[in-house]
Amino acid sequence: MPRRHSARTAAAFASLQDEVFFDAFRLARVHGELLREGPLRVGAPLRYADGRAMFHFVRGAACEFSIEPAAGERARATRLRVQPGELLILPHGNAHRIEAAARGRAPELTSGAFGFEAMSGAALMRALPEVLHARTAACEQAGASEAAQWLALTFEAMRKETREPSIGSRIMLARLIDMVFIWSVRHWLASAPPRQSGWLTALRDPLVGRALALLHAEPARAWSVQTLASRLHQSRSSLGQRFARAVGEPPMRYLGRWRMQLAADLLARTELLVAQVAERVGYASEAALARGFRREFGVSPSQYRAQASERVEGAA
């Protein structure tokens, strides 16, 4: 294949991946909050309860992390040493403890939390492992030789906005934290095991990535596995098996979940009637949408809209 054609193909595929991830990120409406910036004293460990997705960037000296398993899981705590210049993210909000790795120079930590304004944030986080550890050496092996520099500069910008706040500092910090989250997901995708399933890692598969892009581009279309396979010049069985293996569920089940996330977004952001929302996301009737919505979120569309309205009023 000529080099120029190969480059165009790679660029087109990267664009498809970006569109699918952008859709999910936009609907989740991620927002970040800086919680702590400063030294970690030797002999004075930090403890965080479970519940909030968090990140920690280490400078100066190494830290020891003890990460508790998710509630209900029978497993030992995971212990990790995080070196200076490395980033640790806990997407599922596991309880954890942090202490200085050795006596001597105290490490410095920049720590914060991620939150989501929409139900679809849960789908985004389910696609991630319990721990994202951006190691400098791993970044370099993955070809991202400037990763350590990028992280250092980004967190230095956070420190500056924290120590020298001025007009727009809160917005700057929120956007920087958004960037760190996106960068971490991208770094993880570059290094995640090839056989790991989930819609995020499935974006690396050229065929499944194109299938996901088609479903995201036209969610209200009357899709079937056959019509999707025809668009991709594949057999129905071949596409169905490959999609289920990569994503972890069949194409139409994934589409149903994606439609529910779109419906939740429209209910929260617009004043469209529930029947109009149903039509927008590909359901023939309000009743059909309501059945799927209750199955996915445990509440009716009207109840979800009322709850979303209460959250907005409470935040005002």
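How many salt bridges does the structure hold? The structure holds 18. A salt bridge is counted where a side-chain nitrogen of Lys or Arg lies within 4 Å of a carboxyl oxygen of Asp or Glu. Side chains of opposite charge can pair when their charged atoms come close.

The model is predicted, so local features need pLDDT of at least 70 and side-chain atom pairs count only at pLDDT 80 or more, while totals for chains, interfaces and linings use all residues. Residues are numbered from 1 along each chain as its sequence is written, and side-chain values use heavy atoms, with hydrogens and water left out.

The protein chain comprises 13 helices and nine strands. Helices (H or I, at least four residues) and strands (E, at least two) are DSSP runs, numbered from the N terminus. Of the 316 residues in the protein chain, 45% are buried. Buried denotes under 20% relative accessible area, exposed over 50%, and partly exposed in between (1.4 Å probe, protein chains only). Among contacts between residues at least 6 apart in sequence, 72% join residues at least 24 apart. A contact requires heavy atoms within 4.5 Å.

Glu-37 lies in strand E1 (residues 30–39) and Arg-159 in helix H4 (residues 147–163), so the pair ties together parts that are 122 residues apart in sequence. Arg-159 is buried, at 12% relative accessibility. Both residues belong to a network of salt bridges that also links Arg-59, Glu-108, Glu-156 and Arg-163.

A second pair is formed by the side chains of Glu-218 and Arg-231, with an N to O distance of 3.4 Å. Glu-218 sits in the loop between helix H7 (206–217) and helix H8 (225–231), and Arg-231 sits in helix H8. The two are 13 residues apart. Glu-218 is partly exposed, at 30% relative accessibility. Arg-231 is also partly exposed, with a relative accessible area of 37%.

Within helix H10 (residues 251–269), Arg-269 and Asp-265 are four residues apart, about one turn of the helix. Their side chains meet in a salt bridge of 2.9 Å, N to O. Asp-265 is buried, with a relative accessible area of 5%.
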